[in-house]
Amino acid sequence: MMRNVTPPAAPQAEQDRRAHILTKATIRAADHFGLKSAELARVLGVSDSTVTRMRKGTYLLQAETKSFELAQLFLRLYRSLDSITGGDDKSSASWLRSENVVLGAVPATLIQSIIGLMAVADYLDSRRGTV
């Protein structure tokens, strides 16, 4: 008989480290894309003031929250697009702000909903995998 066993929670120091790294990486990715705080707030499902506090380092995304998961997905999108554009921030920002025929919309607009964020991340992953 198998019991449903929940893995032990990571020690607090490890959780704090992960929260710090993810928050900082999310802000950096948004900056590379040229996203405004209000746009990032809609991507993460948080308030504009929360993003402002993230930028100041006074707020960290916490594991086990929806905003933490959305930040992870946003970073997946960033890594895929960065790989495709060879690290060219201007090209990445331009792609994000341009109409995309396959996606049927501007990716920067799409990523402000969970379904759109997933669709853009999946699309970029599929494009990165082609040779």
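1. What covers the buried residues of helix 5? Helix 1, helix 4 and helix 6 (107-110) are among the elements that do this. Bear in mind as you read on that we're looking at a predicted model.

2. Staying with helix 5, which spans residues 89-97, its buried residues are S92, A93 and L96. Look down the axis of helix 5 and these buried residues fall within an arc of 95°, so they line one face of the helix.

3. Now the core. The largest nonpolar core has 31 residues, and F33, L44, F74, L77 and I111 are the ones with the most contacts inside it. At least two residues of this core come from each of helix 1, helix 2 (37-44), helix 3 (48-56), helix 4 and helix 7. The top contributor is helix 4, which gives nine residues.

4. On to the aromatics, where ring centres have to lie within 6.5 Å to pair and planes over 60 degrees apart count as edge-to-face. By this rule there are three aromatic pairs. Take F33 and F74: their ring centres are 5.9 Å apart and their planes sit at 80°, so this pair is edge-to-face. F33 belongs to helix 1 (residues 12-33) and F74 to helix 4 (residues 66-84), so the pair ties together parts that are 41 residues apart in sequence. F33 and F74 are both buried.

5. Y78 is buried, as is F33. Put together, F33, F74 and Y78 make up one aromatic cluster.

6. What does F74 touch, leaving aside residues up to four places away in sequence? The list is T26, A29, A30, F33, L35, L40, V43, I111 and L117. Two of these names, F33 and I111, come up again among the core residues with the most contacts, as does F74 itself.

7. L124 is worth a click. This residue is in helix 7 (residues 114-128), and at 2% relative accessibility L124 counts as buried. Not counting residues up to four places away in sequence, L124 touches L77, S80, L81, I84 and W95. Between L124 and W95 there are 11 Å in space, C-alpha to C-alpha, and the two are 29 residues apart in sequence.

8. Is N100 buried or exposed? N100 lies in the loop between helix 5 and helix 6, yet at 8% relative accessibility it counts as buried, the cut-off being under 20%. A polar atom of the N100 side chain lies 2.8 Å from the backbone nitrogen of L103. Residues up to four places away in sequence aside, N100 touches W95, A105, P107 and Y123.

Terms used:
Residues numbered from 1 in each chain as written. Predicted model: local features only at pLDDT ≥ 70, side-chain atom pairs only at ≥ 80, totals over all residues. Heavy atoms only, no water. Phe/Tyr/Trp six-rings, centres within 6.5 Å; stacked < 30°, edge-to-face > 60°. Helix = DSSP H or I, 4+ residues; strand = E, 2+ residues; numbered from the N terminus. Buried < 20%, exposed > 50% of the residue type's maximum accessible area, 1.4 Å probe, protein only. Contact = heavy atoms within 4.5 Å. Arc of directions from axis to C-beta. Core = buried A, V, L, I, M, F, W, Y, C linked by side-chain atoms within 4.5 Å. Polar contact = N/O pair within 3.5 Å; in protein donor to acceptor, adjacent residues only side chain to side chain.
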